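Here is a two-chain model to work through by question and answer. Each reply ends on the value or name asked for.

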Amino acid sequence: MLNAIDYVPGNTLLHRLNPVTKLALAAAIIIATFLANTYAMLLGLLALTFALGVYAHSASRLVSLLKLLVPLAVVMLLLQTAFVRGGSVVFAWMTTEGLTTGSKACLRLLGVALPLILMLTVTKLVDLSNACVEVLHIPYRYAFTFTTALRFVPVFSQQMNAIMEAQCARGVEYDTKNPLRKLQLMLPLCVPLLVSSVGKTDATALAAEERGFYLRTRQSSYKRYPLTGRDYVVLAACVALVVLGVLA
Amino acid sequence: MPSSADSPIIELRDVSFSYEGGPDQDEEMALSHVSLKVGRGEFVGVIGPSGAGKSTLASVMSGAIPHHYRGALYGATIVDGNDTCEVTLTDISRVVGSVLQDIDTQMVASVVEDEMLFGLENFGVPHDQIEARLEQTLRTVGIEDLRDREIATLSGGQKQKVAIAAILALQPRVLLLDEPTAALDPASSTLVFDTLRKVNRESGITVVVIEQKVALLSRYCDRLLVMSHGSLALDGTPRQVFAHAEELRKIGVDSPRVARVYNSLARRGLVRRGDPCLTVDEAERLIAGLVGPHPAQVAEVPEARAGSRHVPPQRPHSQGAQPVVELSKVCFGYPNGGATVDDLDMCVYPGEVVGIVGQNGAGKTTLTKLLNGLLRPSSGTVRIAGIDTADVPTSKIAAHCSTLFQNPDNQLCKDTVLDEIAFGLELQGVDADEARRRARVVIDRFGLPADEAPFSLSRGQRQMVALASVVVMEPDVVLLDEPTSGLDYRECMTVMETVTQMAERGCAVIMVCHDMEVVSDFAERIVVMADGRILGRGETTQMFSDADLMRRAYVEAPQVIELSQALARDVSPEFAGISQVSGIVDLTEGMVTRA
């Protein structure tokens, strides 16, 4: 099973950028999304994210993520239209103002989630943590904790899958069509999942210590992550994006 | 310098340990009064039933005790001249490199090269030497081609080699591995041990390996340690250790089948005691020497094959009975590519024990999932007890087909053992009181603690709880997915004897298993799979004797069958088709007395 945040190998300019630059680019798109207040800008930023995704051959990941996010966005839209009343009524309880705020909130939701995922698909976690340590001077233990947490996401989802299969084969109705019933059945499974994850994290800590985790310094990394000319160009573009977000 | 050439690399002096929150002082300790020395360059195997203290012993050697696990430690552990209590875990791990049991938790990176770099960077290997070290280690382990691969895309055997390489790159003087082949098929297990032998012989690295597979240990180790109840029961060369057949059986440790042949011959006074054979070749030479050149006589073969306690009695089936499991022209492919199965045809009758064998990735797990309804065939039909699995939800199939999963922890979810075992019945609509009554009967039979929380039990007992919840269902079909993995010999026999009893009562048993000895002992028929297809199916001994089929499926036939084939070829055709130790011994005795 491939996961949305798995690295997609490639050799595009986006792959070759310094991981910190990529992080800054994602952050700039997100900040601009929050600041922007026009449809043109919001859609433009989404289009930019997708264009970068297509360029880095990870557009399919973004699309599969979109399938998860769109239902969430629709729920948000409905809630927003229920709470924000103003302007003229368009349909049932929905008003023009409600629709405008709601749809912008939806676009922001998508605009915030997608750049982060895009950044993760073009960066190896090891590179990300090493670069953060080297360039941003983040203590290694925090970078390690963060990347390990991300690495455990697919491990735990596999585990959850195995547990669900085992329970299903015993006759628990996970194949029920009713989502509420399914959720209710899933809750007791948190126990086995928790038990195994505590064991796993403990083993990870032991293994890391036995491989010299505590000796690691900022100079340890074999690979170097210097900021090059193209990084500065992209960073300048990031600033421009944010400024554009304020203006638009 | 503390390290002189002849001093032991690891020495335990009267070491005892009990885990914090574990049993009290007066109860059994995890490790009690263990003294031993591991010499430089040795290849040491550690074996013992579960709960015997093997992993605890490994933790003491690696320094995880006392630095990571809390508890009461007595005695002294000296690693390369230093007491492990006086130096840090990081310093100990410069000498002793450990590979954990669950290698997924050990991996820190997504790409092989980065995984190898992690330790090298941490221990401050000068950057101009790193490239050479990487290349050399990859070459030693034989995975140069994997350097840029994503770890998630590797097979189990390849992953294990990467884990070993990542530790080996640090150039430790001892390599310590906890059950490195538990999840691997026989072919990959052999490759991992080949790698260990190479490292041991060429680089002089001391290897200490915990392992359940006796045939591997006897072939590769210089020395075997047998653990029992927290102490060291036996210590010697594999030959010395396997000469103590009786003691090993009491402890709960299996012996290689050829050693059993030897020990049985010794008990009948045909050979002198104390020097068992460890390989099929040795056993063949021994028996050939005993019976001498023998003219072909085809007389007492049927008698010679009878009489083993492991051979299941013939059950009345297949004559006129309706198959309880029926697969016809079943195909399945996962939506995102990966493994597929093609054109599977098979029938299983009530009361049969059928083994499914093949390499990792041959499609065995997919087949079991098609049977219990977790997957539906993309074409063809699967019928269980007359139900087409395409028509009913998985949770309904569970009433007819119970699965014993490899990892019991995935199916335990209740607060007490009693609730856990009654749960399956309740799900099928059995009244709660009735379910508990039936659960109690099974609990008594297995001798399980009814009111304890399943998660507080040992791994072996958790597997027994899982087994009990299968038994209580009284299903038409039982599916076993690697029933022996992670279990010691005695637990494994309990599982197999229980399902054999179920089969005698008319339940069909289908097992996926890497342990060919277990398959050969308990299955009447086997299905041989490779690359998602069924290569052959038929009577167990006959299939295992088909050398060409075994080679195509990358399956190693059980030792006894290899031995009887070799003997039939070189000594006397009477040996052909014998699949049990007692068969070989009886026939040999018969031929010796006849001569």
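Q: Which residue in S4(B) is the bridge partner of Ile10(B)?
A: This is a predicted model. In chain B, strand S1 (residues 10–19) and strand S4 (residues 71–79) run antiparallel and are joined by eight bridges. The partner of Ile10(B) in S4(B) is Val79(B).

Q: In what order do the four strands of the antiparallel open sheet in chain B lie?
A: Strand S2 (31–38) and strand S5 (82–83) of chain B stand at the edges, each with a single partner strand, so one side of each has no neighbour in the sheet. H1(B) lies across S1, S2 and S4 of chain B, at about 125° to S1(B). The pairing is antiparallel, and the order is S2-S1-S4-S5.

Q: Which strands are the edge strands of the six-stranded open sheet of chain B?
A: The order in this sheet is S6-S7-S8-S3-S9-S10, with mixed pairing. An edge strand pairs on one side only. In chain B these are strand S6 (96–99) and strand S10 (231–236).

Q: By how many degrees are neighbouring strands of that six-stranded sheet turned against each other on average?
A: The sheet is open and its pairing is mixed. The average ignores strand direction. The value is 20°.

Q: What is the bridge partner of Val174(B) in S8(B)?
A: Strand S7 (residues 174–178) and strand S8 (residues 206–210) of chain B run parallel. Five bridges join them. Val174(B) has as its partner Thr206(B).

Q: At about what angle to S7(B) does the direction of helix H1 of chain B run?
A: Helix H1 (residues 54–62) of chain B packs on the six-stranded sheet. The strands touched by H1(B) are strand S3 (43–47), S6, S7, S8 and strand S9 (223–228) of chain B. With the direction of S7(B), the direction of H1(B) makes about 150°.

Q: At about what angle to S6(B) does helix H7 of chain B run?
A: Helix H7 of chain B spans residues 156–168. H7(B) lies across S6 and S7 of chain B. To S6(B), the angle is about 165°.

Q: How many residues of helix H5 of chain B are buried?
A: Helix H5 (residues 112–122) of chain B has 11 residues. The buried ones include Asp114(B), Glu115(B) and Glu121(B), along with Met116(B) and Phe118(B). H5(B) is largely enclosed by the rest of the structure, because the buried residues number 10.

Q: Which residue just after H5(B) takes a positive phi?
A: The phi in question is about 70°. The residue is Gly124(B).

Q: Which residue in S17(B) pairs with Leu404(B) as its bridge partner?
A: Both faces of strand S16 (residues 401–404) of chain B are covered: Cys401(B) and Thr403(B) are buried on one side, Ser402(B) and Leu404(B) on the other. Four bridges join S16(B) to strand S17 (residues 477–481) of chain B, and the two run parallel. Leu404(B) has as its partner Leu480(B).

Q: How many residues are in the largest nonpolar core?
A: Those with the most contacts inside the core are Ala165(B), Val226(B), Val477(B), Val478(B), Val509(B) and Ile510(B). Beyond its neighbours within four places in sequence, Ala165(B) is in contact with Met116(B), Thr137(B), Leu138(B), Val141(B) and Ile143(B). The size of this core is 242 residues.

Q: Which element supplies the largest share of the side of chain A that touches chain B?
A: The contact takes 41 residues from chain A and 46 residues from chain B. Helix H6 (125–136), helix H7 (140–170) and helix H9 (190–210) of chain A each supply at least two residues of the chain A side. By class, that side has 24 nonpolar, seven polar and 10 charged residues. The largest share, 12 residues, comes from H9(A).

Q: What distance separates the centres of the two domains of chain A?
A: Domain 1 of chain A covers 13–131 + 225–247, and domain 2 covers 139–215. The centres are taken over C-alpha atoms. They lie apart by 29 Å.

Methods:
Residues numbered from 1 in each chain as written. Chains lettered and ligands numbered in written order. Predicted model: local features only at pLDDT ≥ 70, side-chain atom pairs only at ≥ 80, totals over all residues. Contact = placed C-beta atoms within 7 Å. Nonpolar A, V, L, I, M, F, W, Y, C, P; charged D, E, K, R; others polar. Domains from an automatic or database assignment. Pairing = 2+ DSSP bridges. Axes fitted to C-alpha atoms, helices over the stretch in contact; angles between N-to-C directions. Core = buried A, V, L, I, M, F, W, Y, C linked by C-beta atoms within 7 Å. Buried ≥ 20, exposed ≤ 12 C-beta atoms within 10 Å, placed from the backbone.
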